[in-house]
Amino acid sequence: EAKSIGTPDREQNIDIIDGSHTSAQRQLRLFGYAGFEPGTAATICALLDVVTRGEPRWGVGAAATSKPVVFFDVGANGGHYSFLSKGLFGDRIAVVAFEPTPDTARWLEAIDDVNRLGIKTERIALSNATGEVTLYLSAKSDSSNSLNAAFKGAHRGTLQVPCTTLDRYVAESGLVPSVLKIDTETHEESVLRGGEKL
């Protein structure tokens, strides 16, 4: 099922495949892009608009470099913000989606492949340490998986997933985000502590 993104003069559709497997697909099928956390979507898009135009007060963006602006979508889940951003800004941005839940990451990659958006999916968690960590799989929703055992109470299981820090990822990849969205289900402080140099 395709969902529309863009403005009337530049409308695009994104194929969300089946519209029911992940929480993000269900939300997009039911409400479209306009009805899925519009405040967060508007904020991300406004920030990307500013930095891709190279506003002088930011010191980053298209005017400062020929490289695309980098957007890190940490805790990407089904990739809603990754797809929206890449669909609207195209080659002006590079998107890295961090999603440690294997099934959810597979759907994110499948949707990206079908739409040929070119999002880089990293199947890793981000925190303030590196190695393997326990990911608690929520009994309520795939969008509620967390590294915090106390988040949302009951779990349907756990997985060991690879983990790194923002600082280490930036150092190893050479990608430095101009815009950073973090939604890690109460683990945000640890993600930020792992990015103190950034």
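The model is predicted, so local features need pLDDT of at least 70 and side-chain atom pairs count only at pLDDT 80 or more, while totals for chains, interfaces and linings use all residues. Residues are numbered from 1 along each chain as its sequence is written, and side-chain values use heavy atoms, with hydrogens and water left out.

**Whole chain**
- The protein chain holds six helices and nine strands, taken as DSSP runs numbered from the N terminus (helices: H or I, at least four residues; strands: E, at least two).
- Of its 198 residues, 47% count as buried.
- Its accessible surface comes to about 9,600 Å², and 50% of that belongs to carbon and sulfur atoms; the areas come from the Shrake-Rupley method with a 1.4 Å probe, and for residues only the protein chains shown count as cover.
- Among contacts (heavy atoms within 4.5 Å) with a separation of 6 or more, 64% are between residues 24 or more positions apart.

**Parallel sheet**
- Four strands form an open sheet in the order S5-S4-S3-S9, with parallel pairing; two strands pair if DSSP finds at least two bridges between them.
- Strands S5 (120–122) and S9 (179–182) are the edges, each pairing on one side only.
- From one strand to the next, the twist averages 15°.
- S4 (residues 93–98) is joined to S5 by three bridges, and Phe98 has Glu122 in S5 as its bridge partner.

**Helices across the sheet**
- Helix H2 (residues 38–53) lies across S3 (69–74), S4 and S9, at about 160° to S3.
- Helix H5 (residues 166–173) lies across S3, S4, S5 and S9, at about 140° to S3.
- Axes are lines fitted to C-alpha atoms, for helices over the stretch in contact, and angles run from 0 to 180 degrees between N-to-C directions.

**Pairings of S8**
- S8 (residues 155–164) runs parallel to S6 (residues 125–126), with two bridges joining them; Ala125 stands opposite Cys163.
- S7 (residues 131–138) pairs with S8 in the antiparallel sense over eight bridges, and Ser138 stands opposite His155.

**Cysteines**
- Cys45 is buried, with a relative accessible area of 15%.
- A search of the whole structure finds zero disulfides, a disulfide being a pair of cysteine sulfur atoms within 2.5 Å.

Terms used
Buried < 20%, exposed > 50% of the residue type's maximum accessible area, 1.4 Å probe, protein only.
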